[in-house]
Amino acid sequence: MTPFITIRQASASYPVYAGRDLLGEIASLIHARGRIFVITSAPLRDRFGERIAASLDADVIEIEEGESHKNLTTVNDIVTQLLARGAKRDSMAVVVGGGMVGDTAGFAASIFLRGIDLVHIPTTLLAQVDSALGGKVAVNHASGKNLIGSFFPPRAVISDLSTLDSLPRREMLSGLFEALKGGVIGDASLFEMLESPPRIDVDEVVRKAIQVKAEIVSADEREADLRRLLNYGHTIGHGIEAALDYRHLTHGEAVAWGMIGANAIAVQRGLIERNVAGRIDRVIRAWNPTPIPADIDRDAILAAAEHDKKNTGSQRVMVFPRAIGTCEVFSDITEAEIAFGVDAVLGEVR
Ligand SMILES: NC(=O)c1ccc[n+]([C@@H]2O[C@H](COP(=O)([O-])OP(=O)(O)OC[C@H]3O[C@@H](n4cnc5c(N)ncnc54)[C@H](O)[C@@H]3O)[C@@H](O)[C@H]2O)c1
């Protein structure tokens, strides 16, 4: 089968397959050198994992799911199970699930015996359009999200679009917000499709969003300027997630509120016309993201944004839209501007 796209990064190239009913074809798409271990969560084991393992003659390793289990304890459990079942350097991890499973089991694969072959089978919209692409894997630390991780390109990404048929509506929406981000940063036709609901064809949305991310991570594997475009909506979005202790909103919803905040700053800076920013905001609101709780701690959002700054050096970096399909990275953001963006978002709930 011909891949939908091949991601060509400095450290490795790998195919991304995207189509319906691919789960039945996995054995022909995977080239393992040794034993295969399917790593998935309990609900997804029943839904997809057992079937995939049977077709690959693989063992299944089950992990707890949820952001609170995306940590080194779960990574250690995976390593323990791999060792107990005799995994070797030529073994392959086939990771089946959303971004939580992909990030956690992907990170375990990156460090087990200094790294074994990894294949992602993303089953959420968010994982298909975002987290499974680009080779970033990580788990959380008590003091922050995704603080322990690696750049670890997979051997392949297999996105079976039919798996999305069972995705709960709210998880679907979370991925649609990430796809919308992709449209604003790199594909006006994707944005326009998402702007008019009757025209939304989810399979097409996935393919277009994969293309945006694949182009960016192919040009910039390790997060220099271009890859930072993917952080549109994330500075304030991360702040909101952190202030809510990663509960209450999905990742995509937090990014969506973060995009509204970034748009407000972009308008204030004169980078984008108010009516163009308004178009983006209108799509987000029309999809009814879960509202931010009115009692959210504004200072905690701002503190988390400052924490982001510490991680990147001494500058505050944000991504702003210049037009639909074009964004730009700025590294001269003041604390007052971030506060302005946060207040623009909180103004809606207070
Ligand atoms: N590595 C990266 O570049 C990157 C990028 C973006 C996000 N992420 C990470 O991704 C994670 C979020 O991932 P997510 O949004 O996929 O959530 P998730 O992995 O937590 O999955 C959400 C829920 O969907 C269920 N589910 C998954 N597939 C299903 C299906 N096909 N049918 C029915 N239910 C299904 C899961 O069981 C789970 O309950 C976060 O931890 C975030 O940090 C990583």
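**Note on the predicted model: sheet, helices, ligand shell and domains**

1. In β9, serine 159 is the bridge partner of alanine 18. The strands concerned are β2 (residues 13-19) and β9 (residues 156-160), which pair in the parallel sense over four bridges. Please keep in mind that this is a predicted model.

2. That pair belongs to an open sheet of seven strands. The order is β1-β2-β9-β6-β5-β3-β4, and the pairing is mixed. At the edges are β1 (5-8) and β4 (59-63), each of which pairs on one side only. From one strand to the next, the twist averages 20 degrees.

3. Two helices are worth checking against this sheet. Helix α3 (residues 72-84) lies across β3 (36-41) and β4. Its direction runs at about 160 degrees to β4. Helix α8 (residues 202-219) also packs on the sheet, where it touches β1, β2 and β9. The direction of α8 makes about 20 degrees with that of β1.

4. Next, a helix pair. Helix α11 (residues 251-268) packs with helix α12 (residues 274-286) at an angle of about 170 degrees, and their axes are 10 Å apart. The angle is over 145 degrees, so α11 is roughly antiparallel to α12. On the α11 side, the contact is made by Ala256, Met259, Ile260, Asn263, Ala266 and Val267. On the α12 side, Arg274, Ala277, Ile280, Asp281 and Ile284 make it. By class, this contact has eight nonpolar, one polar and two charged residues.

5. The protein is divided into domain 1 (5-166) and domain 2 (169-346). Their C-alpha centres lie 26 Å apart. The contact between them takes 24 residues from domain 1 and 25 residues from domain 2. On the side of domain 1 that touches domain 2, β1, β2, α5 and β8 (144-151) each supply at least two residues. The largest share of that side, five residues, comes from α5. The classes on that side are twelve nonpolar, eight polar and four charged residues.

6. In total, 28 residues surround it, and the closest are Gly98, Gly99, Met100, Thr124 and Ser131.

7. The shell divides into eight nonpolar, 13 polar and seven charged residues.

Key
Residues are numbered from 1 along each chain as its sequence is written. This is a predicted model: local features need pLDDT of at least 70, side-chain atom pairs count only at pLDDT 80 or more; totals for chains, interfaces and linings use all residues. Two strands pair if DSSP finds at least two bridges between them. Axes are lines fitted to C-alpha atoms, for helices over the stretch in contact, and angles run from 0 to 180 degrees between N-to-C directions. Two residues are in contact if their C-beta atoms, placed from the backbone, lie within 7 Å. Angles under 35 degrees count as roughly parallel, over 145 as roughly antiparallel, 65 to 115 as roughly perpendicular and the rest as oblique. Ala, Val, Leu, Ile, Met, Phe, Trp, Tyr, Cys and Pro count as nonpolar, Asp, Glu, Lys and Arg as charged, and the others, Gly among them, as polar. A residue is near a molecule or strand if its C-beta atom, placed from the backbone, lies within 6 Å of it. Domain bounds come from an automatic or database domain assignment.
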